[in-house]
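Open the model in your viewer and keep the sequence panel beside it. The stops below go from aromatic rings to helices.

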Amino acid sequence: MKLDNVAILIPCYNEGKTIRKVVTDCLNSTKNIEDVKIYVYDNNSSDNTVDEARSAGAIIRHEFQQGKGNVIRRMFREVNASAYIMIDGDDTYPTNAIPEMVKRVKERHVDMVVGDRLSSSYFQENQRPFHNVGNKLVRSSINLFFKNDIKDILTGYRAFSYQFVKSYPVASHGFEIETEMSILAIENNMYVENQVIDYRDRPSGSVSKLNTYSDGFKVLRRILTLFRNYHPLQFFGSISLLSVLITILVFIPKVWIPYLTSGQVANMPTLIVCGFLVIMGLLSYASGLILDSIQKKEQREFEFRLQLIHNEFNKM
């Protein structure tokens, strides 16, 4: 199996206005690095993206299943390299950050380098105010549910180690992919570093494929789903606690106090509902305990998979 030194992966959908410049800038920024391959993965573009990328010197491959997550799944399966750079084809990221990102992966053994836009020029350059709000909301949500130090959750500019790429089970289909890979790295104790990068808004005529509302909702839903998957005891324990609290707040004034004064249960339907809530709370807590044990087992198995991938890499 041939192993590239550095693979630059560019997922593209209708980026004909900018892709030539992105590929050319990548080549110029990496001219002092040996064996760099630039792969442009086209996702059913209807413009001249493929022709522009090919004429600029990129290797063209295709993913016909629509969605950025599907493209990244294909890229990670097919490309083998010592270090990977993932960058969008919309010319919003400076390619001069690539050598430092590669250095962190190869010399510091970082599993994922996050291109941090939010600590530099993003909020000044970005002309879509709801995108700014969305980035802050996603970052706050992940800081609430997952303790981490990742500064920019939704950035499409990242570097990866071979170990990360080959151990990452891509489950998302669309723009939730960046959130998913960030949380996977956090939860599996992988080595992550932030690298502050400049950001520039899309050039005139280039249109974002991200839908602020529908894709934003999918990202938030994915965060909640991953919290349930990685922290089932906290998730189902919270549901259990809520059920018990509601039961107490309803049972005491509506059932218990009237019973003490009259000796009769005046609100039998309320008593039945409270009983069901208690049962639901117990079942929820039990489910959390079982799933938490399964999750702990999965974490141990993930560590074994990392060791196998590490040994495979060293033999190449």
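Select F76, Y84, F160, F164 and Y168: ring pairs link them into a cluster. Rings of Phe, Tyr and Trp (its six-membered ring) pair if their centres lie within 6.5 Å; planes under 30 degrees apart count as stacked, over 60 as edge-to-face and the rest as tilted. This is a predicted model, in which local features need pLDDT of at least 70 and side-chain atom pairs pLDDT 80 or more, while totals for chains, interfaces and linings use all residues. Residues are numbered from 1 along each chain as its sequence is written, and side-chain values use heavy atoms, without hydrogens and water.

The structure holds 14 aromatic pairs. Zoom in on F76 and Y168, an edge-to-face pair with 6.2 Å centre to centre and 65° between the planes. F76 lies in helix 3 and Y168 in the loop between helix 7 (162-167) and helix 8, so the pair ties together parts that are 92 residues apart in sequence. Helices (H or I, at least four residues) and strands (E, at least two) are DSSP runs, numbered from the N terminus. F76 is buried at 4% relative accessibility, and Y168 is buried at 6%. Buried means under 20% relative accessible area, exposed over 50%, partly exposed in between (1.4 Å probe, protein chains only).

Next, select helix 4 (residues 98-107), where I98, M101, V102, R104 and V105 are buried. Seen down the axis of helix 4, these fall within an arc of 155° (taken from the directions from the helix axis to the C-beta atoms), so they line one face of the helix. Just after helix 4, H109 takes a positive phi of about 60°.
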